[in-house]
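Look over the sequence and the structure before reading on.

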Amino acid sequence: MQSFKLLCVGNSFSDNITKYMYSILNSFYVKKIIIANLFIPGCEIKTHLDNAINDKSNYIYRKNTAGVFVNYDNYSLKNGLTDEKWDFVTMQQASGKSGEIETYNENINELYTYIKSFLMANCKIGWNMTWAYSNDCKHNEYIKYNNCQNTMYTSIINCVKNKIFTNKNFEFIAPLATTIQNARTSYLKDTFTLNDGYHLEDLGEFIVGLALVIKLTNFNIDDMDLTLIPLKFIPYIKIAKEAV
């Protein structure tokens, strides 16, 4: 693959997802890489749609073209969508609402239509299925899932299965919730989040970044040049590959 240009329209979870994607793509010898995240922390779909309709410039635009992210403030959705000729654009729900099926409503199709209107015809739009919280998470929305990781994970799967998988607009689903659940079955157990219990720590960020790269490129995961990824992940590469 000569070129890879990805824009995530999301929140802090898409910041987790994109953090190590540049180095991962580099390890597969992709020539031209652009990774960007257009986000507001905690942003849900209906807020993205409101921002789109009213052309609000309240996003952080974080862009990586040479191995380092550069931040730009006061961006609108239109600014980010028209900044490059993107190959892929992803959408996602706010983490606390990711397992609430009533939040997967017509707002998603309206936002999709808005996003699609600014993209090249060959750009693929997909969905990031974000992960469940750690068992001991104190997030104020975790109570909706009885403070239970398995309940939250099952709810996320149900929402995506019934509302995204059946939606023909989306050309791919990145199953990052399942990737992290897989990783949690390793000897590292439920250690992939920070102390807040929902944002990923470094290894978790590497694993979901790898999962999204493999989903979008169909690269053979064993073709990764391990000399080109951060050294700290080498001891855990087997877990990462198996989770993906």
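Which residues in α7 meet which residues in α8? In this predicted model, Leu-176, Thr-179, Ile-180 and Ala-183 of α7 are in contact with Gly-204, Ile-207, Val-208, Ala-211 and Leu-212 of α8. The residues of this contact comprise 7 nonpolar, 2 polar and no charged.

**Helix packing**

- Two packed helices are described by the angle between their axes and the distance between the axes.
- Helix α7 spans residues 176-183 and helix α8 spans residues 202-217.
- Their axes come within 10 Å and cross at roughly 135°.
- An angle over 145 degrees would count as roughly antiparallel, and 65 to 115 as roughly perpendicular; α7 and α8 are therefore oblique to each other.
- The crossing of α7 and α8 is right-handed.

**Salt bridge between Lys-63 and Asp-83**

- The model has 15 salt bridges by the rule used here.
- One of them joins the side chains of Lys-63 and Asp-83, with an N to O distance of 2.6 Å.
- Lys-63 belongs to strand β3 (residues 59-64), while Asp-83 sits in the loop between α4 (77-81) and β5 (88-91).
- The two residues are 20 residues apart, and the pair links distant parts of the chain.
- Lys-63 counts as buried because its relative accessibility is 12%, and buried means under 20%.
- Asp-83, with a relative accessible area of 31%, is partly exposed.

- Glu-141 and Lys-97 form a salt bridge in which the closest N and O atoms are 3.0 Å apart.
- Glu-141 is buried, at a relative accessible area of 19%.
- Lys-144 and Glu-100 form another salt bridge, and here the closest N and O atoms are 2.7 Å apart.
- Lys-144 lies in the loop between β6 and α6 and Glu-100 in the loop between β5 and α5, so this pair also ties together parts 44 residues apart in sequence.
- Lys-144 is partly exposed at 36% relative accessibility, whereas Glu-100 is buried at 16%.
- Through salt bridges that share partners, Glu-44, Lys-97, Glu-100, Glu-141 and Lys-144 are joined into one network.

Technical notes:
Residues numbered from 1 in each chain as written. Predicted model: local features only at pLDDT ≥ 70, side-chain atom pairs only at ≥ 80, totals over all residues. Heavy atoms only, no water. Axes fitted to C-alpha atoms, helices over the stretch in contact; angles between N-to-C directions. Helix = DSSP H or I, 4+ residues; strand = E, 2+ residues; numbered from the N terminus. Parallel < 35°, antiparallel > 145°, perpendicular 65-115°, else oblique. Left-handed = near helix turned anticlockwise from the far one by under 90°. Contact = heavy atoms within 4.5 Å. Nonpolar A, V, L, I, M, F, W, Y, C, P; charged D, E, K, R; others polar. Salt bridge = Lys/Arg side-chain N within 4 Å of Asp/Glu carboxyl O. Buried < 20%, exposed > 50% of the residue type's maximum accessible area, 1.4 Å probe, protein only.
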